[in-house]
2 protein chains.
Amino acid sequence: MTELRDTAPATAAPGAGTLLRLLRDGRPRTRSELASVTGLARSTVTQRVDALLASGLIGPSGEAVSTGGRPPTTFCFRPEARVALAADLGATHTRTALTDMSGQILAEEGIDLEIAAGPEAVLDWVVEHGRVLLDRAGRSEAELLGLGLGLPGPVQHATGRAVNPPIMPGWDHFDVPGYVRSHLDVPVLVDNDVNIMAVGEHHVSWPTASHLMFVKVATGIGCGIVSEGRVYRGAQGAAGDMGHVFVPSGSDKPCRCGNTGCLEAVASGTALAEALTIEGVPASGAREIVDLARGGSVPVLRALRQAGRDIGEVLAAAVNMFNPSVIVIGGAMALAGDHLLAGVREIIYQRSLPLATEHLSIVSSTAGEGAGVVGAAVMVIEHCLSPGAADALVARA
Amino acid sequence: MTELRDTAPATAAPGAGTLLRLLRDGRPRTRSELASVTGLARSTVTQRVDALLASGLIGPSGEAVSTGGRPPTTFCFRPEARVALAADLGATHTRTALTDMSGQILAEEGIDLEIAAGPEAVLDWVVEHGRVLLDRAGRSEAELLGLGLGLPGPVQHATGRAVNPPIMPGWDHFDVPGYVRSHLDVPVLVDNDVNIMAVGEHHVSWPTASHLMFVKVATGIGCGIVSEGRVYRGAQGAAGDMGHVFVPSGSDKPCRCGNTGCLEAVASGTALAEALTIEGVPASGAREIVDLARGGSVPVLRALRQAGRDIGEVLAAAVNMFNPSVIVIGGAMALAGDHLLAGVREIIYQRSLPLATEHLSIVSSTAGEGAGVVGAAVMVIEHCLSPGAADALVARA
């Protein structure tokens with residue numbers, strides 16, 4: 001059986017992905033070390049290393065110290081060998097980027113683009129500008145690992161389709177990967193914008209955090225959870241729907257979901273703008289609130305502090321139940337300064353148990369508006385370099 | 001390197017654990033199938049299968065269909081080859097059991113035992129009665145895989161020590177595994193009682209559930225979470241501390257943790273007993289409340305329904321945030337009938353999003369009081385049969 005497989009044409013390369021996973025840490029290793037760590041037969045390792053070298057995914061990196069005889073060659077991962085395309089689609093603004101396999105941005109572009117223009121127009125633009133970015137970075141489509149997309153609405157990750165998205169006419173159940181792949185034949189991964197922001201923030205600023213919660217406070221309120229290196233999705237992929245958790249201070253406020261007292265109904269940009277306008281401080285939404293806060297408007301600062309407290313109520317419960325190591329507050333409203341964050345901290349430290357908050361960091365987003373594209377790229381990279389997918393990638397090369 | 005390892009004495013058997021993990025699904029496989037699936041060299045597979053056969057962990061199970069020549073032998077896992085001891089230590093009652101490697105109980109025993117007697121007296125009893133159970137089942141200490149212990153307080157799982165347990169004088173930071181191993185030289189794993197109940201309930205009643213939350217409602221209120229087959233512990237192991245989440249209905253009630261408005265201060269057995277006594281329905285705790293409920297006391301049924309609603313408030317938020325597939329309500333108070341469960345369901349279906357509740361089961365514990373020992377045994381079995389540990393186990397045999 002082994003013999004048969006070892007001499008078969010390389011339609012697949014089982015084991016290549018396992019070697020690649022090891023080498024992704026950047027440390028050079030010899031063939032002997034790779035055989036020893038994986039338990040794979042030495043002949044299999046030699047063959048897989050040859051296939052990985054041919055694919056360009058690894059390269060020789062030097063020589064190990066000899067124990068007698070010719071010193072053995074060491075090999076290491078080459079993150080520059082392939083590139084990933086990423087697009088973070090917002091309601092009215094889209095950002096695209098090209099990265100290498102370490103998530104480093106090689107080229108990027110932002111444009112005002114209405115998601116409501118519908119999937120075909122928007123995805124045509126993404127593909128076209130993806131090609132522009134490849135050109136600009138001097139890379140070819142053959143080097144492209146895949147495309148990662150973030151959408152501003154609920155996404156069924158397994159199929160890459162939006163499901164009942166409130167602000168995306170024409171997108172409901174549209175086959176995003178299928179449409180893109182008719183123009184660009186690479187793996188296409190789709191997720192909602194908060195999940196890719198959580199992945200990007202984790203990758204850029206908190207790579208060693210075991211449990212990170214990223215809270216996006218903007219027109220709505222959502223949460224992406226990265227648990228032990230992976231997006232936590234829950235049973236139906238519905239995890240992180242923080243905006244519709246009940247908060248006592250909003251008990252009678254109607255929410256667009258049909259319920260009353262949801263967090264989003266009291267603490268989102270939309271809710272704050274409405275409440276401030278009634279108070280005589282007219283505001284149209286999150287961006288204007290940020291401007292007013294920067295101008296020092298006391299009612300706005302007070303409203304932001306209270307919104308932070310309301311968000312903190314929901315997070316305090318999540319801290320006790322799920323014990324994260326980092327909570328990151330991001331999204332347009334987080335640009336208003338520390339008032340929102342101060343409210344969040346006030347309630348979490350008041351309400352959560354000392355054991356759960358002892359080592360907890362509660363911070364503003366540092367990856368900022370670029371978190372989304374980095375996260376979308378990392379999603380593609382992790383998918384394409386997972387052992388099974390990498391076996392196929394090497395066999396194709 | 002490979003040659004060296006292959007001819008080295010079997011102080012370790014890398015790969016044996018991987019083969020065992022495959023075979024644990026109960027399906028018989030040939031050596032060729034094992035080599036093909038794992039990518040291990042055929043010679044390695046042959047050697048590891050021999051080691052596994054010698055250890056008794058697998059056995060020949062028949063012959064595969066021949067493709068010409070002598071039909072190859074198939075092998076399968078033998079769950080009866082080893083046994084696990086388990087003890088679920090409560091405040092005043094302890095249950096011990098001996099199981100095989102499928103978690104099937106071979107012998108069990110319950111006894112009234114005060115945890116406050118201190119770790120040495122209690123653990124001496126556990127070891128002594130563990131030996132009694134081994135005798136009764138006709139098994140020897142050499143067949144013992146390990147001992148799993150559940151403690152009624154917060155436990156640092158990695159070290160097996162209780163940390164600031166409120167009802168366990170003498171146990172704080174006591175080295176439980178170290179003490180037990182001076183009497184019984186096997187791996188000792190310790191966790192809190194709610195985590196082992198969650199594992200036991202998952203194993204017995206919901207083995208295919210991807211995300212299960214087990215809520216214990218008794219003197220206090222706690223929650224164990226099993227996510228994709230493993231206990232979810234969070235960053236500091238503090239996950240599941242549900243009893244001290246704030247609930248609006250309890251805003252001014254002081255809690256033993258020093259805060260006010262905790263779920264435990266309004267919905268635990270202790271809280272209900274106090275409130276009912278003030279109302280003129282004297283009750284001493286969870287057990288008496290169950291008796292009164294079974295007798296049809298209207299104030300007690302009303303109190304249970306409200307306690308369910310309060311627990312439901314906390315769970316509704318957890319459903320939106322973490323999207324479990326199953327919520328199990330257990331513990332002494334859950335024995336009072338469906339009134340508690342009805343309150344939980346009322347609020348979750350009212351407050352949580354349709355997508356998150358569409359496939360959500362909210363049920364009473366069916367594994368019942370035996371869930372704890374089964375979970376403690378499963379914890380030991382999973383630990384000892386994990387690939388790395390199993391390699392060592394096979395090498396020792």
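A definition before the helix: the expected span of a helix is 1.5 Å times one less than its number of residues. Keep in mind that this is a predicted model.

Now take helix α14 of chain B, residues 371-384. It has 14 residues. From first C-alpha to last it reaches 20 Å, close to the 20 Å expected.

The buried set includes the run Ala371(B), Gly372(B), Val373(B) and Val374(B). Also buried are Met379(B), Val380(B), Ile381(B) and, at the end, Cys384(B).

On to the interface. Chain A gives 52 residues to the contact, and chain B gives 52 residues. The area buried between them is about 4400 Å². Carbon and sulfur atoms give 59% of that. Which three residues supply more of chain A's buried area than any other three? Met321(A), Phe322(A) and Arg351(A), with 18%.

Next, the polar side. There are 24 residue pairs in polar contact between chain A and chain B. Two salt bridges cross the interface. In one of them, Arg230(A) pairs with Glu228(B), with the closest N and O atoms 2.8 Å apart.

Which elements of chain A are involved? Those giving two or more residues include strands β11 (211-217) and β12 (221-227), and helices α11 (298-322) and α12 (338-351). The largest share, six residues, comes from α11(A). By type, the chain A side divides into 24 nonpolar, 20 polar and eight charged residues.

That's it from me.

Terms used:
Residues are numbered from 1 along each chain as its sequence is written. Chains are lettered from A and ligands numbered from 1 in the order in which they are written. This is a predicted model: local features need pLDDT of at least 70, side-chain atom pairs count only at pLDDT 80 or more; totals for chains, interfaces and linings use all residues. Side-chain values use heavy atoms; hydrogens and water are left out. Helices (H or I, at least four residues) and strands (E, at least two) are DSSP runs, numbered from the N terminus. Buried means under 20% relative accessible area, exposed over 50%, partly exposed in between (1.4 Å probe, protein chains only). Contact means heavy atoms within 4.5 Å. Buried area is the accessible area (1.4 Å probe) that two parts lose on being put together, summed over both. A salt bridge is a side-chain nitrogen of Lys or Arg within 4 Å of a carboxyl oxygen of Asp or Glu. A polar contact is a pair of N or O atoms within 3.5 Å; within protein, one must be able to donate a hydrogen and the other to accept it, and residues adjacent in sequence count only if both atoms are side-chain atoms. Ala, Val, Leu, Ile, Met, Phe, Trp, Tyr, Cys and Pro count as nonpolar, Asp, Glu, Lys and Arg as charged, and the others, Gly among them, as polar.
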